[in-house]
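Please examine the sequence and the three-dimensional structure shown below.

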Amino acid sequence: MRNQVPLDISVIPPRPAPARRAVAPPAPAPVPAAPAPKEPLWRDLVGDVLRRERLAQERTLKDVADTARISMPYLSEVERGRKEASSEVLAAAAQALGLGLGDLLTRAQGELVRITSRRAPAGRSTPRASYDGLCLAA
């Protein structure tokens, strides 16, 4: 019989699984601030006033364009705010509707004030002029 030498066998346990790091949920994407409302364009305001007045009088685009001696497609573009009409064209369109140029511009200015006063942030006072007039710069 042979001398048996005890074998020192050591069992190496498997490596423990790496500790899982707590993963924080991804931060919510920042909500972009709402863009500041755009000021309305003057041509849109004037066009809206022209169209509203024409429809209030139950007149067709062709009728008003013929009376104003403006092409019907051009008057349509002006009413939709697609064209910057000259003061001569605006005066002719206004006159065809029984308005003066000042009446047309005053109504557009009133619409501008109405729209922009609705958009003013709460708690912010806007300086007011001591008159309620119309100011145009060319």
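## Terms and basis

A residue is called buried when its relative accessible area is under 20%, exposed when it is over 50%, and partly exposed in between, with a 1.4 Å probe and protein chains only. The model is predicted, and local features need pLDDT of at least 70, side-chain atom pairs count only at pLDDT 80 or more, and totals for chains, interfaces and linings use all residues. Residues are numbered from 1 along each chain as its sequence is written, and side-chain values use heavy atoms, with hydrogens and water left out.

## The chain as a whole

The protein chain contains five helices and zero strands; here helices (H or I, at least four residues) and strands (E, at least two) are DSSP runs, numbered from the N terminus. Read from the N terminus on, the order of elements is α-α-α-α-α.

Of the 138 residues in the protein chain, 23% are buried. The accessible surface of the chain is about 11,400 Å², and carbon and sulfur atoms account for 56% of it; these areas come from the Shrake-Rupley method with a 1.4 Å probe, and for residues only the protein chains shown count as cover. A contact means heavy atoms within 4.5 Å. Among contacts between residues at least 6 apart in sequence, 66% join residues at least 24 apart.

Helix 1 covers residues 42-56, which are 15 residues. From its first C-alpha to its last it reaches 21 Å, close to the 21 Å expected at 1.5 Å a residue; the expected span is 1.5 Å times one less than the number of residues. Its buried residues are Leu45, Val46, Gly47, Val49, Leu50, Glu53 and Arg54.

Most residues other than glycine have a negative phi. Glu58, in the loop between helix 1 and helix 2, has a positive phi near 55°. Glu58 is exposed, with a relative accessible area of 75%.

## Helix 2 against helix 3

Two packed helices are described by the angle between their axes and the distance between the axes. Axes are lines fitted to C-alpha atoms, for helices over the stretch in contact, and angles run from 0 to 180 degrees between N-to-C directions. Helix 2 (residues 61-68) and helix 3 (residues 72-79) pack at about 110°, with their axes 9 Å apart. Helix 2 is therefore roughly perpendicular to helix 3; angles of 65 to 115 degrees count as roughly perpendicular, under 35 as roughly parallel, over 145 as roughly antiparallel and the rest as oblique.

On the helix 2 side, Leu61, Lys62, Val64 and Ala65 take part, and they meet Met72, Leu75, Ser76 and Glu79 of helix 3. These residues comprise five nonpolar, one polar and two charged. In this grouping Ala, Val, Leu, Ile, Met, Phe, Trp, Tyr, Cys and Pro count as nonpolar, Asp, Glu, Lys and Arg as charged, and the others, Gly among them, as polar.

The loop between helix 2 and helix 3 holds Arg69, which has a positive phi of about 60° although it is not a glycine. Arg69 is exposed, with a relative accessible area of 79%.

## Helix 1 against helix 3

Helix 1 and helix 3 pack at about 115°, and their axes are 7 Å apart. Arg43, Gly47, Asp48, Leu50, Arg51 and Arg54 of helix 1 make this contact with Ser76, Val78 and Glu79 of helix 3. The residues involved divide into two nonpolar, two polar and five charged.

## Ser76

Ser76 lies in helix 3. Which residues does Ser76 touch, not counting residues up to four places away in sequence? They are Arg51 and Leu61. Ser76 is buried, with a relative accessible area of 14%.
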